[in-house]
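Please have the sequence and the coordinates at hand.

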Amino acid sequence: MKRYRNSAIVLISVFIIAFGFMTAKEAGSRVMTNVAPDLSGEELRAVVIEDFENSQIATELNGDGWFVVTSPRRYERAETEAKLKRKDPILHLEMKFISGGPSDLRVEEWSVTDLGKVKEKILGLKFKFRYPGPNSVSILAPKEIDWKDKSPYLRMNRSTGKEEQMRGLQLPGKAKAISIWVHGRGNPYDLEAWLEDFRGDTHILKFGSVNFVGWRPMKAYIPANVPQTSDSYPQTKVTRLTRLVLRAQTHRHTEELIADTYFFFDQVKVLTDTYEVNFDGEELHRAFDGR
């Protein structure tokens with residue numbers, strides 16, 4: 001009797017399993033909504049944020065475009081032109097776009113920022129200091145625009161208390177690392193990237209020495225303590241690249257720090273997580289503001 005009971009249990013189990021296979025398509029338990037299910041909480045991708053193809057160079061600090069300043073600063077006023085040339089710590093300072101680029105740089109077929117699809121121009125820099133020492137050259141970013149719709153982006157200026165379009169390249173998403181192609185001529189300098197978070201605090205990233213010859217991609221990781229999210233929507237808050245800084249390696253021979261110095265730059269790119277929570281009605285604030 002017990003043997004027949006066990007056989008019956010086995011047959012019933014087999015029947016249930018077979019029925020399950022036959023009705024798997026109709027009996028799926030996934031809840032269908034108007035929002036596609038997220039497979040992951042991360043969407044890592046490499047995004048070009050500057051390719052220098054359609055950029056411009058500013059002739060003054062308040063102008064729009066890439067702008068170069070030095071430390072020590074140039075003398076702009078003196079009693080005579082001769083005295084100005086004699087005392088100016090900067091013998092030469094020039095920045096412009098020229099044709100060229102690294103042979104190993106990949107041209108983007110598709111780009112979320114629409115940058116990196118063309119490889120024709122690079123940013124060139126030439127400078128010469130009168131005296132050796134802890135000299136530095138800062139390349140300030142153009143005025144900030146929204147990385148998605150390319151419109152001017154205004155934020156509160158702490159010094160003036162007004163909303164203004166300030167300098168900075170937006171880093172899409174939650175950025176993990178930043179890279180830039182650099183062409184060196186064996187000059188003893190280190191390269192830095194200055195980032196400003198949404199709270200207004202500045203973080204300095206070290207690319208390392210650019211004392212090499214030829215093109216090389218430089219990379220720096222963004223520390224986890226750089227705030228890029230908040231509890232409000234959108235959770236991802238924009239971080240900005242405000243400047244690139246070339247800083248003299250003062251332990252090197254002095255004659256190398258007072259020679260004509262050239263650097264060239266191409267394609268700034270970030271490795272970033274572009275994942276953002278989507279929900280029904282996320283764009284209602286645009287309608288409220290008349291956009």
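Glu94 is partly exposed, with a relative accessible area of 34%; here buried means under 20% relative accessible area, exposed over 50%, and partly exposed in between, with a 1.4 Å probe and protein chains only. The model is a predicted one, in which local features need pLDDT of at least 70 and side-chain atom pairs count only at pLDDT 80 or more, while totals for chains, interfaces and linings use all residues. Residues are numbered from 1 along each chain as its sequence is written, and side-chain values use heavy atoms, with hydrogens and water left out.

Glu94 forms a salt bridge with Lys96, and their closest N and O atoms are 3.8 Å apart. A salt bridge is taken as a side-chain nitrogen of Lys or Arg within 4 Å of a carboxyl oxygen of Asp or Glu. Lys96 is also partly exposed, at a relative accessible area of 43%. Over the whole structure, the search finds 11 salt bridges.

Lys269 forms a salt bridge with Glu108, with 3.1 Å between the closest N and O atoms. This pair links distant parts of the chain, 161 residues apart: Lys269 is in strand β14 (residues 261–273), and Glu108 is in the loop between β3 (90–99) and β4 (121–129). Strands (E, at least two residues) and helices (H or I, at least four) are DSSP runs, numbered from the N terminus. Both Lys269 and Glu108 are buried.

The strands just named also pair with one another, where pairing requires that DSSP finds at least two bridges between two strands. β3 and β4 pair in the antiparallel sense over nine bridges, and Ile90 stands opposite Phe129 in β4. β4 pairs with β14 as well, again in the antiparallel sense, over five bridges; in this case Leu125 stands opposite Phe263 in β14.

Some backbone details lie in loops. The loop between β3 and β4 holds Asp114, whose phi is near 65 degrees, a positive value in a residue other than glycine. Phi of Lys150 is likewise positive, near 65 degrees. Lys150 lies in the loop between β5 (136–140) and β6 and, at 38% relative accessibility, counts as partly exposed. A cis peptide bond joins Ser71 and Pro72, with omega about 5 degrees. Pro72 is in the loop between β2 (67–71) and α2 (81–87).

What is the distance between the closest N and O atoms of Arg240 and Glu196 in their salt bridge? It is 2.7 Å. The pair joins strand β13, which holds Arg240, to strand β10, which holds Glu196, 44 residues apart in the chain. Arg240 and Glu196 are both buried. With Glu144 and Arg155 they are linked in a network of salt bridges.

The second largest pocket has a volume of about 620 Å³. On a 1 Å grid over the protein atoms alone, a pocket is an open set of points where a 1.4 Å probe fits, with protein on both sides within 12 Å along at least five of seven lines, and lining residues have an atom within 4 Å of a point. Of its 24 lining residues, Asn157, Met166, Arg167, Glu196 and Arg240 are the closest to the centre. β6 (155–157), β10 (189–196) and β13 (239–248) each supply at least two residues of the lining.

Technical notes:
Grid points are joined across faces, edges and corners, and a volume is the space filled by probe spheres set on the points.
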